[in-house]
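Student: Could we go through this structure together? I would like to take it topic by topic.
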Amino acid sequence: MSERSAPIIQLTDIGKSYGNISALRGVSMTVRSGEVTCVLGDNGAGKSTLISIIAGLREHSTGTYAVDGEAVTFGSPREALDRGISAVYQTLALVPLLPIWRNFFLGSELTIGRGPFRRLDIASMWEITDRELRRMGIHVADLDQPVGTLSGGQRQVVAIARAIHFGARVLILDEPTAALGVAQSGLVLRYIAQAAREHGTGVIFITHNPHHAYMVGDHFIILARGEVELDAARDGLTLENLMFHMAGGAGLNALQHELNRPQPQGA
Ligand SMILES: Nc1ncnc2c1ncn2[C@@H]1O[C@H](COP(=O)(O)OP(=O)(O)OP(=O)(O)O)[C@@H](O)[C@H]1O
């Protein structure tokens, strides 16, 4: 087995409260280069809160967030981005009517010339977008077509490819397959695996879907009511086991036990 890389992100005993609502308690997790860490959990489990802390949208209340071994508290997503931590949300931050290549460089446009002669370097942006998408196995008929004409899966992949091109070492993917059908989910899952294996990106894959998680995950964290219900590496974890824990783990066993109990007289 190959040597594991040093953690890029290490969360230790993270807690987060909103006033007197406790959204996260004692959450620890490690993100390494080249690995996919899946974060699973039901509605309200704390997934959004966790990724918003990692991505610099919110500050944690307790515990330690370390990047490359150094404790951090990010005041904004920009600060997280500067450390190579990039989030791709379901909304994707793409402008549907703009061409694919414009979307790829949105907010980071290349220019040529100076002062009043400064203008967009369309040729370079077009070429780089073309090269990057091909490299990732995405074939689009025409980069000038509006990004909104791509399929949902292709749009996800364009947004992920863009984050990697602009230096993401850690990619946070927020439910990237939630709204997609089978073929489109397959495209995105293949690309998630490729980002980790071929680019060495550390991927945090947030999902409701244990099947999707199990297809690409190296490590699994299940959150339940703000706490870690399961923290397991892929070795020795079956899909059935993952689904059992998703469904409530020990709580489910207790429920089964209750159901099987003889009904008390007069109940
Ligand atoms: N801004 C907020 N103010 C108060 N409570 C909040 C806030 N954001 C989240 N919460 C609460 O924190 C808990 C965790 O919510 P969170 O959105 O992180 O869960 P989630 O797993 O992402 O759920 P979902 O899948 O529905 O998005 C919930 O009880 C939620 O009501």
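Predicted model: local features only at pLDDT ≥ 70, side-chain atom pairs only at ≥ 80, totals over all residues.
Student: How many bridges join strand S1 to S2?
Tutor: Eight bridges join strand S1 (residues 7-18) to S2, and the two run antiparallel. Strands here are DSSP runs of E with at least two residues, helices are runs of H or I with at least four residues, and both are numbered from the N terminus. Two strands pair if DSSP finds at least two bridges between them.

Student: Which order do the strands of the open sheet have?
Tutor: The open sheet has four strands in the order S2-S1-S4-S5, with antiparallel pairing. S2 and strand S5 (70-71) stand at the edges with a single partner strand each, so one side of each is left without a neighbour in the sheet.

Student: What joins S4 to S5?
Tutor: Two bridges join strand S4 (residues 62-67) to S5, and the strands run antiparallel. Ala66 stands opposite Ala71 in S5.

Student: What about the loop between S4 and S5; which residue lies there?
Tutor: Asp68 lies in that loop. Asp68 has a positive phi of about 50° although it is not a glycine. Most residues other than glycine have a negative phi.

Student: Why does Asp68 count as partly exposed?
Tutor: Asp68 counts as partly exposed because it has 13 C-beta neighbours inside 10 Å. A residue is buried if 20 or more other C-beta atoms lie within 10 Å of its own, exposed if 12 or fewer, and partly exposed in between, with C-beta atoms placed from the backbone.

Student: New topic: the ligand. Which residues are around it?
Tutor: The residues around the ligand are Tyr18, Ile21, Ala23, Gly41, Asn43, Gly44, Ala45, Gly46, Lys47, Ser48 and Thr49. A residue is near a molecule if its C-beta atom, placed from the backbone, lies within 6 Å of it.

Student: Which elements give two or more residues to that shell?
Tutor: They are strand S2 (21-32) and helix H1 (47-54). H1 gives the most, with three residues.

Student: And how many of the shell residues are nonpolar, polar or charged?
Tutor: Four are nonpolar, six are polar and one is charged. Ala, Val, Leu, Ile, Met, Phe, Trp, Tyr, Cys and Pro count as nonpolar, Asp, Glu, Lys and Arg as charged, and the others, Gly among them, as polar.

Student: Let us turn to helix H6. What span should it have?
Tutor: At 1.5 Å a residue, the 18 residues of helix H6 (residues 182-199) should span 26 Å, and its end C-alpha atoms are 25 Å apart, which agrees. The expected span is 1.5 Å times one less than the number of residues in the helix.

Student: Which residues of H6 are buried, and what covers them?
Tutor: The buried residues of H6 are Ser185, Leu187, Val188, Leu189, Tyr191, Ile192, Ala195 and Ala196. What covers them includes strand S3 (36-41), helix H5 (152-165), strand S9 (170-174), strand S10 (202-207) and helix H7 (210-216).

Student: What follows H6?
Tutor: Gly200 follows H6, and the phi of Gly200 is positive, near 70°.

Student: Which residues touch the most other members of the largest nonpolar core?
Tutor: Of its 65 residues, these are Ile160, Leu171, Ile192, Ile204 and Phe205. A nonpolar core is a set of buried Ala, Val, Leu, Ile, Met, Phe, Trp, Tyr and Cys residues joined through C-beta atoms within 7 Å.

Student: What does Ile204 touch?
Tutor: Not counting residues up to four places away in sequence, Ile204 touches Val31, Thr37, Val39, Ile51, Ile54, Val170, Ile172 and Leu173. Two residues are in contact if their C-beta atoms, placed from the backbone, lie within 7 Å.

Student: Finally, how many helices and strands are in the chain?
Tutor: The chain has nine helices and twelve strands. Of its 267 residues, 36% count as buried.

Technical notes
Residues numbered from 1 in each chain as written.
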